Amino acid sequence: MGGVPSTPRLGGGARPEETAEYLITAFVSEKSFPLVSDYWQKLLELPLDLRWPSDRVLEACRLFAMNNCSTRHLAKILVHLAWCLQECVSDSGLTSLASSKALNALYIVSVFLKNLIENAKSDNFEELYLLLDETEPIPNNFSKGENVENLVMYSALNFIAKVDVSPETYLLHHELLNFMVIAMSTQLLSGPSPGLNDSHPFIDAAMDQESSLVDSVVCKLLLNYTIHPRVPLNSSFYTILSERNQPVLRRVGFAAANLMLLPFNYLVSSTGDASRSPLAEISLNVLLILSHYHKCISVDYAKDKSDNDSSESLTKEDTYFSENPFCKAVGNVRDIEYNRITIEGDAQSDPLARLPFASLFDTLGMCLTHETSVLLLYSLVHGNSSFLEYVLVRTDLDTLLMPMLETLYNAPRRTSNHIYMVLIIFLILSQDSSFNASIHKLMLTNVPWYQERLLHHTSLGSLMIIILIRTVKYNLSKLRDVYLHTNCLATLANMAPHVHRLSAYASQQLVSLFDMLSRKYNKLAEVKNDKKNMQDDNLKEESLSEDPSAELHLYTDFLRLVLEILNAILTYALPRNPEVVYAIMHRQEVFLPFKNHPRFNELLENIYTVLDFFNSRMDAHKTDDEWSVEKVLQVIINNCRSWRGEGMKMFMQLRFTYEQESHPEEFFMPYVWQLILSRSGFPFNPSSINLFPVPVQQQDINDGFEDESPKEDTLQV
């Protein structure tokens, strides 16, 4: 009862849905229709509005998988899809017949291709059978032996590059990008480290396209993200169905309750969120998949080995990762507003991909609560020097920084990867001295999401220091992640020489951080000196590692780094930061235990030079009244003007830089797909996923990906 009918009904009086049922049944059955058969035109031109329950969908997929090896219907419908897309590109008017044929092809291909990929058993996806039989009659516009996956990916990318998004083309663009995600999901079946035997026919075909086409596609995908085109609800492509008296758009495939070969994989939010753009989201997903993919390739070369007068040739196999043209194109995007003067002959080297950086900047600022947008920003500031330079000269850096600072503030509710990406972006930005200076000039009237205290008229730089220190403290008490510690402190060290009018609260937090780390250091030192204390359960719970000596070494480095930060402020920016001086004077007792410590005494000399100077000025200031905060601060401000830095030891400024390791794909490829599965509503059979660990019990796919960390991203001094 739930199976696909074995005897299709077809006749002159057949209703449309019965005819559609016949055509779909024929598609999955054992009878092979030649590529030139008129069956394909009937299949693609007929409105397909079947309502099949999920068990019938699965049975159709099972039959298709069983028969596709002999019928090669997947390869044939992919060829027809390519032809339909080419017809849409060549048809300037984009007729409804051409687009509806392309949509029907996309709906059918997406359902059955995804099922084949999820259930593939071979490493090279032989189950897809993308080669046509040699005896197959071939039309004039198709050559024997032509690569089907290359044809369909070229046609898809060419359509994206050449056909603008409009109310008439919106749905076709969206479903084409959905198809591309499905076609490239073969990566989910491979291991986290790309290997020589990995086969990904569709994304490999995309990597082989001409650079001019790749540049245009990257530009269009970024434009889709930047413009955020809205859903054209009045489009004739949409069939609105009533379910519980509420209009919704049905979604097909992927174990949905019903298979409806109607607008595919699409939902309109019941809340009517006008700011959401499904096309922008799927465009970003496709761009991230394409730009973070790298294929492992082997190279055979001969190596001579000399032994006295004889030599022999030894063959050695080596591997490397191919260059990704989409990643390169993202790095080559330039600002459309920047009129570069070129001499004659240089025009050919001008990159094809040009975007309005101002609009991209603003869109990123609105979307940085989403992890995929943070990953895009990382890709741009790390890989595109032109966009990084554009960001650094903007005077409204709060547009980008405030959403990311709020993300750090809400760290317990964010994934560790999300936090790492934000911290790496901050580290990259802090490598520029103009950035470190400008953030202290930008004043914030208030920070509504900061709950611990009211922050009125604080600088963006002060807020950034407050949040970074807060992140270190949270990590110290909860996560105990060395990588996170290092990133936060490295960014603070880069910022330190450029601090300007640091707020009282930020200054207090800086000294408080030293106090917190010093107490942890003292506990670890006690454990090392007294082995009996190792039985202390509380200390065991707090420990980052089972080896107290190793942890003590880590905290020694952390303490020294905080002292380096304080030294940099006092050495290069003391007259502009009286609140820092006040905070050090107010808590000067926390430095005393380390004054004569061989690992710290050198770094404390400058701090005590400052303390001696300002303590003597306080002693010399005669007053009969009680000292108040205001009075002490005024004395400090007055004496900051006469401060000349006499007796201060000059240390070399610390400068931390971020450097990606040679094989970042081992982190980014799994990370991108985790985001797509957990955030974008793209379902995939968990038992088929090998790219990253999937929880055994997974009620909510969002909950399974919290602890992945980018181990291959390294920090270098």
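Reader: Where does the charged end of Arg617 sit?

Author: This model is predicted. In it, the charged end of Arg617 lies over the ring of Phe613, 3.9 Å from the ring's centre. Arg394 gives another case: its charged end sits over the ring of Phe361, 3.9 Å from the centre.

Reader: How many aromatic pairs are there?

Author: A pair of aromatic rings is described by two things: the distance of the centres and the angle of the planes. Rings pair here if their centres lie within 6.5 Å. By this rule there are 29 aromatic pairs. Take Phe64 and Phe112. Their ring centres are 5.1 Å apart and their planes meet at 45 degrees, so this pair is tilted.

Reader: Which parts of the chain does that pair link?

Author: Distant ones. Phe64 is in helix α3 (residues 54-71), and Phe112 is in helix α5 (residues 96-118). They are 48 residues apart.

Reader: Is Phe64 buried or exposed?

Author: Buried means under 20% relative accessible area. Phe64 has 1% relative accessibility, so Phe64 counts as buried. Phe112 has a relative accessible area of 4%, so Phe112 is buried too.

Reader: What kind of pair do Phe357 and Tyr390 form?

Author: Planes over 60 degrees apart count as edge-to-face. The planes of Phe357 and Tyr390 are at 70 degrees, with centres 5.7 Å apart, so the pair is edge-to-face. Phe357 belongs to helix α12 (residues 357-367) and Tyr390 to helix α14 (residues 385-393), 33 residues apart. Phe357 is buried at 2% relative accessibility. Tyr390 is buried at 16%.

Reader: Which residues do ring pairs link into a cluster?

Author: Phe27, Phe33, Tyr39, Trp40, Phe64 and Phe112.

Key. Residues numbered from 1 in each chain as written. Predicted model: local features only at pLDDT ≥ 70, side-chain atom pairs only at ≥ 80, totals over all residues. Heavy atoms only, no water. Phe/Tyr/Trp six-rings, centres within 6.5 Å; stacked < 30°, edge-to-face > 60°. Helix = DSSP H or I, 4+ residues; strand = E, 2+ residues; numbered from the N terminus. Buried < 20%, exposed > 50% of the residue type's maximum accessible area, 1.4 Å probe, protein only. Lys NZ or Arg CZ within 6 Å of the ring centre and 35° of its normal.
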